[in-house]
Amino acid sequence: MLRAWTQRELAILEILMQKAGSTVLKEHIKAHLSTLESEVTYNAIEIAVHRLRKKIEDGGVNIRTLRGLGYLLESKE
């Protein structure tokens, strides 16, 4: 089943890919998304990351949550 990508998901994926292998703070994601949207909450970011994980699960990469900090895009290998 082909799932549509939202602008928010694509923006988060872009940030994670630019910083692959490094921690991306939730504050950084929120600041970046705030330039694209009016108000972004941490809960909205968490939901978008959850949906993003499902969409990339067969792609050889994983988004790891670093509790209290942010996210890390890493290889599944």
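User: Leaving aside its neighbours within four places in sequence, which residues is Leu16 in contact with?

Analyst: The model is a predicted one. In it, Leu16 is in contact with Val24, Ile63, Tyr71 and Leu73, its neighbours within four places in sequence being left aside. Contact here requires heavy atoms within 4.5 Å. Leu16 is also among the buried residues of helix 1, together with Glu9, Ala11, Ile12, Leu13 and Ile15.

User: What do the buried residues of helix 1 pack against?

Analyst: They pack against strand 1, helix 2, helix 3, strand 2 and strand 3.

User: Which residues touch the most other members of the largest nonpolar core?

Analyst: That core has 17 residues, and those touching the most other members are Ile12, Leu16, Ile29, Leu33, Ile45, Ile63 and Tyr71. At least two residues of the core come from each of helix 1, helix 2, helix 3 and strand 3.

User: Why is Lys26 called buried?

Analyst: Lys26 has a relative accessible area of 19%. Buried means under 20%, so Lys26 qualifies. This residue lies in helix 2.

User: What makes the pairing of Lys26 and Glu46 a polar contact?

Analyst: Their side chains are joined at 2.6 Å. The cut-off for such a pair of N or O atoms is 3.5 Å, so the value meets it. Not counting residues up to four places away in sequence, Lys26 touches Tyr42, Ile45, Glu46, Leu69, Gly70 and Tyr71.

User: How do you know that the span of helix 3 is close to the expected one?

Analyst: Helix 3, residues 42–56, has 15 residues and reaches 21 Å from its first C-alpha to its last; 21 Å is also the span expected at 1.5 Å a residue.

User: Why are the buried residues of helix 3 said to line one face?

Analyst: The residues concerned are Ala44, Ile45, Ala48, Val49, Leu52 and Ile56. Seen down the helix axis, they fall within an arc of 135°, so they line one face of helix 3. In an α-helix there are 3.6 residues a turn, so residues three or four places apart point the same way. What covers this buried set includes helix 1, helix 2, strand 2 and strand 3.

User: What confidence does the predictor give to the chain?

Analyst: The chain averages a pLDDT of 91, and 97% of the residues score at least 70.

Conventions. Residues are numbered from 1 along each chain as its sequence is written. This is a predicted model: local features need pLDDT of at least 70, side-chain atom pairs count only at pLDDT 80 or more; totals for chains, interfaces and linings use all residues. Side-chain values use heavy atoms; hydrogens and water are left out. Helices (H or I, at least four residues) and strands (E, at least two) are DSSP runs, numbered from the N terminus. The expected span of a helix is 1.5 Å times one less than its number of residues. Buried means under 20% relative accessible area, exposed over 50%, partly exposed in between (1.4 Å probe, protein chains only). The arc is that of the directions from the helix axis to the C-beta atoms. A polar contact is a pair of N or O atoms within 3.5 Å; within protein, one must be able to donate a hydrogen and the other to accept it, and residues adjacent in sequence count only if both atoms are side-chain atoms. pLDDT is the predictor's confidence in each residue, from 0 to 100. A nonpolar core is a set of buried Ala, Val, Leu, Ile, Met, Phe, Trp, Tyr and Cys residues joined through side-chain atoms within 4.5 Å.
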